[in-house]
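Work through the two exercises below with the model open. Each task is followed by a stepwise solution.

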Amino acid sequence: MAMSVTMDQVVKRAKDSFGQMFDKSLHDLVRGIRNHKDNEAKYINEAIDEIKQELKQDNIAVKANAVNKLTYLQMLGYDISWSAFNIIEVMSSNKFTFKRTGYLAASQCFHEGTDVLMLTTNMIRKDLNSSSMYEAATAMNGLSCFINGDLARDLANDIMILMSSTKPYIRKRAVLLLYKVFLNNPDALKPAFPRLKEKLEDPDPGVQAAAVNVICELARRNPKNYLPLAPIFFRLMTTSTNNWVLIKIIKLFGALTPLEPRLGKKLIEPLTNLIHSTSAMSLLYECINTVIAVLVSISSGLPNHNASIQLCVQKLRILIEDSDQNLKYLGLLAMSKILQTHPKSVQAHNDLIMHCLDDKDESIRLRALDLLSGMVSRKNLMDIVRKLMVHMDKSEGSHYRDELLSKIIEICSQNDYQHITNFEWYISILVELTRLEGTKHGNLIALQVLDVAVRVESIRPFACNQMAILLANAHVFIVGSNTTTVAEVLYAAAWICGEFCSYLKDPQETLQAILNTKVTLFPGHIQSVYYQNILKIVTHLIQSSNNDQAFTKQLISTTIEKMSTFLSSGDVEAQERASVSLHILKTVLKLLEKADFNINELSVLFEGSLNPVAPKAQRKVAVPNGLDLDAWINEPPSESEDESVVSETHYDSKGLFYGNSENSYSSNSYANEASSYQKPRNYVEPTADELEQQRESRKQSEQMNPFYLKDTKKSKATPKTETPTTTTNGNENLQSSLSKGAIPSNLQVSLSDQLYRQAKIDEENRRLKKKSKVDGASSKKGKKSSKKSDTVAADDNDDDIYPTIKVTRGGELPEGATASGNEDNDDDNNTKVGNKNKKYDPHRALNIDLNEVPKPIPSPAQPKQSPQKPVDVPSSPPPESHEKPKKSKKKATAEKEAKATNSKTKLKKPERSDYKELVSPVDDEETSAPPPPAPSTIPNEKPKKKKTKEKKSTSKTAAAEANQPAPLLFDIMSDEIPSSNQSTQQQNEQDLYKLAAQSDNLTVEYSIISKTSAAELDVTFLLKNRTTSIIDHISIHVVDSMSSKVLNTTSANRISFPNKSNQTENDTIEFKLNLPCSQYLRRKSLHSDVFVDLMNSGTLTSQSNVNISTDKQNFTSIINTICQSYRLTIVDNVNSAASLYAETILGHPVALLIKSTNSPSNISINGKSTETHFLSNLLEEIQTSFK
Amino acid sequence: MIQFILLFSRQGKLRLQKWYTSQTDKSKKKITREIIAAVLSRKPKMSSFLEWKDLKIVYKRYASLYFCCAIEQDDNELLTLETIHRYVELLDKYFGSVCELDIIFNFEKAYFIFDEFILGGEIQETSKKSVLKAVNDQDVIQEVETPQGLIDEY
């Protein structure tokens, strides 16, 4: 035993001393891995076992070697997180070699969640402050990779100190590392910023560049806070020659200019100079991008605005024409930015962009496509689409072709078909698109056809007959491969032919075509549409048959006969529809035989026209009174019931779900299901009969399939008449190329090309006509010159040469709803906000106003306490101020033996938000007309008053004051008015007593304070005795209004005073207390970001506007007046616009945007809130106050 | 800011990886896999840029190695290409006509060059000379430290 222990020790010693000899070096490991290509994993697992042994040794060199190997293995994808502690051991070595190895391993495998990081703080601090600059740099490099919130907080000070190191090598690293500190500890930004700013003027260009880099990163996210630095950067830009730095500065300016148009104007010149002079493409590209940003932010007012755009477009053209794919790509990318604001300039380069469609690189082609869609106009739409159609056929890859297809539809349909002048042409394009091989956009085409037919009434005859042709050739869609969804177009075709069957040239033939199709092979939703529309066509045929009984009977019986086969449909809903239609027809037949049939009974089924419904219409439907959508209709199912449902589902409802999902017509689900319809449905066990039927139908479909190689008879649907093809090259080309698709082009459709040519001729004719008119008008001019000028004129306003086609835009909404409501954007905003929340963005926290006085950086020793330290409430005790006016008045009237009573009434607003009633005078605090019974019994001076509460009010107010939020001195995010200001303002308000009523004996004054805590108002009354006599007692009678009531129930309605007098005099004052709706506002400060979020959230649905003209000249003073008198808080104030915010005492938000229009004396107020009445009354109130 | 840099071979083997944002091992692996697949599927003659999630991938192939940088939306692609090229030049100067094997066997040196050139995703030194001087200086320190005899360390 003892022996073996010593032996072990010896071996261990030997291994320790000769460790490096026995161990595998990194080279050995790498070589070993390369030599064990067949069983790499096994080899590496063995190596890891060895490494684990090595790590157990005391020799730091062995450990470092092991860690180095682990770093390599980590790159190969092996988990080395278990060695985190060993890595730290190696990092803490005194030797640079090992430290470097350790830090490298840490930077590769630690992340902010690694828990051993908390052990490293002091070690890293030591290394940062090392006398060797390379050690410090190693620590900083590592730290930049694995820094987390704690490290950032604890080491911020050390890094700050390194920024003033004598070595530029250290300084620039410290500056760059600081950015990582900010990201992980936003609190550090403010105190560190002045020092960072200094570094912009560091003598070392490397440090300067680092500072530019960091500020550029910061400013890109929150540009507003960095505007004051613009002059420094401007100087740097004009002096620096380092392109790396220049690019960053120019990028920074790109972020700043949208906020400060003046900056943009100043930038244009140096930037255009750079564009002209530089040979570095990266710099050129950056300059162009920033110039575009400038031009976008100031749309006009630049002296050489157009010249700048032209310059950009020209330079981009050079990039796009370059043979370098990268430049081409970026050129197109930048071009699309210009397109958004200056489409005309880009349109001039139409040719170039079309050319890019032929590029080998798909990403370049897609970019070019993006551009094209923005470039179309009524004039060039047909040309562009034509080229795209030709291009589509030449192009490879179904993904790209699908992209083209959806682009064509997008281009054509944008803005409710704004650019389409010829819908016949468009329909034929859509029909041609159905012949695209293997497209996945079948439903897109279908929806387009439907949409056009519904919205453009004039196209219906044409569309109808095109669709009839599709239906007649429906068999070609059955054979499509599994990957295509093009059969979807039949859904649209069947519906259009049914709904608009009066336009069909030969409805009977179409009906036959439908009935002869193997409809049951289609997906369920298409079948359903078929069956429904068969009935429509039949109805139409009967209607137009002029009571031809024989014809009708024959028609119905053949239809019934054919339809019976549809009953075997595998789709639940389709089957049901077929059955319903069939039975209707049977009933009709029965009635016919009894000669009891009236066609109206049938046609009434399809009366009325179907109009497009606005996308958000459902949401606009008002909830009927008394309907609670949240209430359970039946008791919620209990847990146990749920379970039983689940178990049932288990075995048989899979098929049901299939059916259900396939029957839903929502366009989304139908895209999904479309792909599944081709798959065999094996959940219905076919009977022998069915199998036979299927076999039969398969035979038939084989016959109909032109591609099915079988030596039997020819396919049934032989081409009727070949489309008369014109022999022009383009047309043939297009046709033949298209016919390569899955579907033979023997459909009798008028090719878009014919229509295209016709349209061009028409257009030319119209242009000529117009010209001749103008010619006639200006007949005296020489022929040549007049022609010239006219062509120009005609080109200038082409628009009137295009026919205007009525397109039903938008859609139907429920009565009373408007389409412009804010909530239209609800979804988008919600998702945006949702995304934001999902992904934590550290830059949001870095949005810090840097112009305030910096505070010392929290020392690492007590990092957490400091932010809470100085919280004191600077509000002066309000009781005095509250009492003061009263007291003085008392003094003044003391000799007259007046009794002034301060009474306080609390008005409780009941929980309803009908502010309208509050404001209308009738409903205000009102005294009843008949004097209350009290006066008769008490023959005394009797002013009317609210319930009194004597001086209790003061203490109440104090309490309210204490409820106010303490000023958040350390809340660097807020730039709000300090709340101490608010309390003084509030006190000022309290000083303002307004006259409520006056009689010979008494004046009643009042003041209203809204309480922050509850939906209550404190109304304080001040009664002044105007006589010399002494008041004996006062009775108060209050009549509650509809929407407010007196809350005070504690004190009596009658106040008696000890002084008795012999005189008896009676006085009654009746008054109404007007509670303006502004009194129901309370101050609420809001950070501007929160404010913006609120405005964008779409919750503020009520809007109201007023315009005010005032004699005050100063906009700021107007704002301040409004703020003070209406308890609003300024959220943001920029030049001549300010946003104000407050809440009602019920917590409803009220936001106002005040802008001075033209002159400062003319201001417009735009309000948003959730309470319509309240808002409009408030604005009215503000308006009246300015009159 | 550069989010991460990957070096991988034509066969899709990762040769170097440098992450400038904190990521867990799992997400690193996932991202690496996706990007290698996306880049390798590009045909020659295509541009060097592709969009990947909310990042832009800038890549360039040198011999058998792909150098690949992920940058943010408003970063400059051409500048990133220059950055990649600059790094290749640095490797070339340091190893003397660098080849893939140099990087495989001396991967830590390749990382050290990264650290002198880029910090936290930002270029910190644009001068090739200064970068190489710093790397060489540190190599010298290491050589001095390396034990002469085997027993020294103990």
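**Exercise 1.** Which side chains meet in a salt bridge at 3.0 Å, N to O, and how many salt bridges are there between chain A and chain B?

Solution. Step 1: the side chains of D75(B) and R220(A) form a salt bridge, 3.0 Å from N to O; the term requires a side-chain nitrogen of Lys or Arg within 4 Å of a carboxyl oxygen of Asp or Glu. Step 2: the count between chain A and chain B is 10 salt bridges. Step 3: helix α7 (residues 96-109) of chain A, a DSSP run of H or I with at least four residues, gives the most to the side of chain A that touches chain B, namely eight residues. Step 4: contact, meaning heavy atoms within 4.5 Å, links 70 residues of chain A with 64 residues of chain B.

This is a predicted model, in which local features need pLDDT of at least 70 and side-chain atom pairs pLDDT 80 or more, while totals for chains, interfaces and linings use all residues. Residues are numbered from 1 along each chain as its sequence is written, chains are lettered from A and ligands numbered from 1 in the order written, and side-chain values use heavy atoms, without hydrogens and water.

**Exercise 2.** How much area do chain A and chain B bury between them?

Solution. Step 1: buried area is the accessible area (1.4 Å probe) that two parts lose on being put together, summed over both. Step 2: for chain A and chain B this is about 6300 Å², with 53% of it on carbon and sulfur atoms. Step 3: within chain A, the residues losing the most area to chain B are M75(A), R100(A) and W244(A), together 14% of what that side buries.

Conventions
Helix = DSSP H or I, 4+ residues; strand = E, 2+ residues; numbered from the N terminus.
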